[in-house]
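Me: I have a structure open and am new to it. Can you take me through it piece by piece?

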Amino acid sequence: MFGLGDGVIGSPQAFGALQSRFESESPSQSAACDRVDMDDAIDRISVERTYDVIRAHIRKTPVFDLNGVTLKLEQLQHGGSFKARGVLANLLLRDVPDAGIVAASGGNHGVATAWAAMMRGVPATIFLPTVSSPAKIARIRKYGATLVIGGDRYGDALDASREWSAGHEAMEVHAYDHPLTLLGQGSLALELAEQAPDLDTLLVAVGGGGLIGGLAAYYEGCVRVVGVEPEGAPTLTDALRAGRPVDSRADSIASDALAPRRVGELMFPIAQRYIDTVLVTDDAIRAAQAWLWDNACVVTEPAGATGYAALLSGAYRPAADERVGVVISGANTTAVDFTRPVG
Ligand SMILES: Cc1ncc(COP(=O)(O)O)c(C=O)c1O
């Protein structure tokens, strides 16, 4: 594991060293492809195989006990969210063309895609909606990807990226609805199962469902997996009620992360089998962000605090002896700005 991170990216020399280590540690494409087939089921064994391939390049993020609740601090992942896991699974297990890769994203998947492309030395084109946080846009620019911003929401960015892809050879890296994206995200559960083996319940924010789908696929019902959604973007709740992914509203404080039009087709059968959902208000998400900062100096973006908001607001009430974990999924936010003249 190269163990260094965003802090050294500003230095071209340091970056060059990192990049060559990345390349030298990468398994060969063909060896890797033998291990995880795109037709493989999205289940624990495939998550384990995927982890074997990506583990040298991601951070094993720590867990932290906060008043009896296990927090998985995934905002410490490369690029500031869990998304690096799924992107790396795609980059290491598929044949990447010389034209590079293309991704549509609310923001964090774009950050992770730009980061991974930089590390592999391939070009990346990222489509974002205007709702994306300036913090995410700045990071994508820092990693050197080509950026196209337009449309209100993730769905608009996805449409624009597909239109662009029709005339280009670049490989699409889907933010949530590709088997390798789900398997990569599922590796977070593999780490957590070792770090916190006695968990009863895990609270996870839901957007397109790649994260929660991967985690639930890994746990296979051993841990109760609860999806937490903003009231203004209840994509999985609506899908479970309808019996299939359906279009939902996409209007919340976390719209740059938890607001695709609908959840992915691949995660849906996993959700029907293993996942319940609860809804939280935007005020509850804001309160959770403030609480995590005030009580633990944990920085989160709105989506990153959404799982915790369910606990703090009482939307999810654990039993007295229930051991609960929460994924702190990301922290790309303008709340942290060291260019401001403050102490
Ligand atoms: C910080 C953060 N948390 C959670 C999610 C939800 O992930 P998924 O779309 O895989 O459900 C996202 C998606 O962008 C995110 O950026």
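Reply: Strands (E, at least two residues) and helices (H or I, at least four) are DSSP runs, numbered from the N terminus.

Me: Where does this come from, and how are residues numbered?

Reply: This is a predicted model, in which local features need pLDDT of at least 70 and side-chain atom pairs count only at pLDDT 80 or more, while totals for chains, interfaces and linings use all residues. Residues are numbered from 1 along each chain as its sequence is written.

Me: Why is β10 called largely enclosed?

Reply: Five of the five residues of β10 are buried, so the strand is largely enclosed by the rest of the structure. As for the two sides, side chains in a regular strand alternate between the two faces of the sheet.

Me: Which residue stands opposite K72 in β10?

Reply: That is V327. β2 and β10 are parallel and pair over four bridges; two strands count as paired if DSSP finds at least two bridges between them. β7 also runs parallel to β10, joined by three bridges, and L203 has V326 as its bridge partner there.

Me: What does β1 do with β2?

Reply: β1 (residues 63-66) runs antiparallel to β2, with four bridges joining them. L66 stands opposite V69 in β2. The two strands form a hairpin with two residues between them, and N67 in the turn has a positive phi of about 50°.

Me: Next, α13. How many of its residues are buried?

Reply: For helix α13 (residues 302-313) the count is 10 of the 12, so the helix is largely enclosed by the rest of the structure. Among the buried ones are P302, G304, T306, Y308 and L311.

Me: What do they pack against?

Reply: The buried residues of α13 pack against β2 (69-73), β7 (201-205), β8 (224-230), β9 (275-280), α12 (282-296) and β10 (324-328). Contact means that the C-beta atoms of two residues, placed from the backbone, lie within 7 Å. After α13 comes G314, whose phi is positive, near 85°.

Me: There is an open sheet too. What is its strand order?

Reply: The order of its four strands is β5-β4-β3-β6, with parallel pairing. β5 (146-149) and β6 (171-172) are the edge strands, each pairing on one side only. Helix α5 (residues 108-120) packs on the sheet, touching β3 and β4 (124-128), and its direction makes about 170° with that of β4. Helix α7 (residues 154-165) lies across β3, β4, β5 and β6, at about 155° to β3. Axes are lines fitted to C-alpha atoms, for helices over the stretch in contact, and angles run from 0 to 180 degrees between N-to-C directions.

Me: How many residues surround the ligand?

Reply: The shell has 20 residues, and the closest are G207, G210, A257, S329 and G330. A residue is near a molecule if its C-beta atom, placed from the backbone, lies within 6 Å of it. α9 gives the largest share, three residues.

Me: Why does the ligand lie between the domains?

Reply: Domain 1 (6-40 + 83-172) and domain 2 (54-81 + 178-328) both give residues to the shell, so the ligand lies between them. The domain bounds come from an automatic or database domain assignment.

Terms used:
A residue is buried if 20 or more other C-beta atoms lie within 10 Å of its own, exposed if 12 or fewer, and partly exposed in between; C-beta atoms are placed from the backbone.
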